[in-house]
Amino acid sequence: MVSVLVAATAQFLSEHYGAPAMLLALLLGLALNFLSEEGTKTAAGIAVTSKTVLRVGVALLGARISVDMLSDLGFDLIALVVGGVISTILFGLVLSRVFGQSRSFSFLTAGSVAICGASAAMAIAAILPNHEKSERDLAFTVISVTLLSTVAMVIYPALSTYFGFDAKAGGVFLGGTIHDVAQVVGAGFSISPETGETATLVKLIRVSMLAPVVLFASVAIRMSGAANGEGKKPPLLPTFVVGFIILAAANSLGLIPQAVSHWAGSISRWALLISIAAVGIKTSLVKMLSVGGPAIAMIIIETLFIGGFVLCGIYILG
């Protein structure tokens, strides 16, 4: 109930003041950290909300994905978008050695930058081995990608105009580089309806990469022998990823009416908003700020990398 209240407040503030709802939910949650302290009546419910509701939200994202969207874009541009996702994650893993960060933390940040911002960060965090800094790392990543995505939403449309991109190229640039779906929509439609539609399509292709990336990571974690905080290996294919795949397949086969797909998207967004509020409540602001300058530099460089990758790809493909 506390997490729902925080999420509703964040949504209200977002609609009236224009700030990202995810960021507001996390910041409001941080101010209520005392509610997750051991011994409080709300601690158990907040813990469940931060995990179970999150998984429901990620699974429902699949209802927005379909095979038809791939044929609308073309093989070359699909390869560019997928290549950007994979290259950014690999680049982030290389950066971990340069900045002295753990591979799991670099995968968390790079995956969130490469795929779909806060939603990807929460999905990836759900399969990573738990440790004492897990909540801190997730909160830092969500705040960082949301802030960077908001900055990109303001700057990238101007860059698209500066580079002289047409509606299709501009949509690929915005959808292939901005982290969160909401900011992609905002940036794309600020230029034109055609740019907004292409940007949203490209972004959803990046979202569809969530399932294979999480599956591959789960296999890698199991093979490495890493375990979670309870001494158990993560499942080969997490339940929420199975749900994501089933819904995406059903939507591709036309089994999900458009109205139902729309409602699933809305429920998914609210579930993610509520769960990120719970993550914020579980996170200590002091501990989160201890992440340090190298981590901040790393996620900024990852953001610049995917931007440069997609930009170069657009010029190479003409």
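Predicted model: local features only at pLDDT ≥ 70, side-chain atom pairs only at ≥ 80, totals over all residues.
Me: Ok, helix 9 then. How many of its residues are buried?
Reply: Nine of its eleven residues are buried, so helix 9 is mostly covered. Buried means under 20% relative accessible area, exposed is over 50%, and partly exposed is in between (1.4 Å probe, protein chains only). Helices here are DSSP runs (H or I, at least four residues), numbered from the N terminus.

Me: Which ones are buried in helix 9?
Reply: Ala169, Gly170, Gly171, Val172, Phe173, Leu174, Gly175, Gly176 and Thr177.

Me: And what do they pack against?
Reply: Helix 5, helix 8, helix 10, helix 11 and helix 16. Contact means heavy atoms within 4.5 Å.

Me: Take helix 11. At what angle does helix 9 pack with it?
Reply: About 40 degrees, with the axes of helix 9 (residues 167–177) and helix 11 (residues 193–208) 7 Å apart. Axes are lines fitted to C-alpha atoms, for helices over the stretch in contact, and angles run from 0 to 180 degrees between N-to-C directions. The two are therefore oblique to each other. Under 35 degrees counts as roughly parallel, over 145 as roughly antiparallel, 65 to 115 as roughly perpendicular, and the rest as oblique.

Me: Which residues touch there?
Reply: On helix 9 they include Gly171, Val172 and Leu174, and on helix 11 they include Thr195, Ala199 and Val202. The residues of that contact divide into five nonpolar, seven polar and four charged. Ala, Val, Leu, Ile, Met, Phe, Trp, Tyr, Cys and Pro count as nonpolar, Asp, Glu, Lys and Arg as charged, and the others, Gly among them, as polar.

Me: How about helix 16: what angle does helix 9 make with it?
Reply: Roughly 155 degrees, with the axes of helix 9 and helix 16 (residues 293–317) coming within 9 Å. That pair is therefore roughly antiparallel. Ala169, Val172, Phe173, Gly176 and Thr177 of helix 9 meet Ile306, Gly307, Val310, Leu311 and Ile314 of helix 16. That contact has seven nonpolar residues, three polar and no charged.

Me: Switching to helix 10. Which residues are buried there?
Reply: Gln183, Val184, Ala187 and Gly188 are buried in helix 10 (residues 181–189). They sit on the same side of helix 10, because they cover an arc of only 130 degrees around the axis. The arc is that of the directions from the helix axis to the C-beta atoms. What covers the buried residues of helix 10 includes helix 8 (134–162), helix 9 and helix 11.

Me: Helix 8 again! Is Asp137 in it buried or exposed?
Reply: Asp137, found in helix 8, is buried, with a relative accessible area of 6%. Leaving aside neighbours within four places in sequence, Asp137 is in contact with Phe105, Leu108 and His131.

Me: Last one: what about Ser96, buried or exposed?
Reply: Ser96 lies in helix 5 (residues 75–99) and counts as buried because its relative accessibility is 2%. Beyond neighbours within four places in sequence, Ser96 is in contact with Gln101, Ser102, Arg103, Ser106 and Met298.

Key. Residues numbered from 1 in each chain as written. Heavy atoms only, no water.
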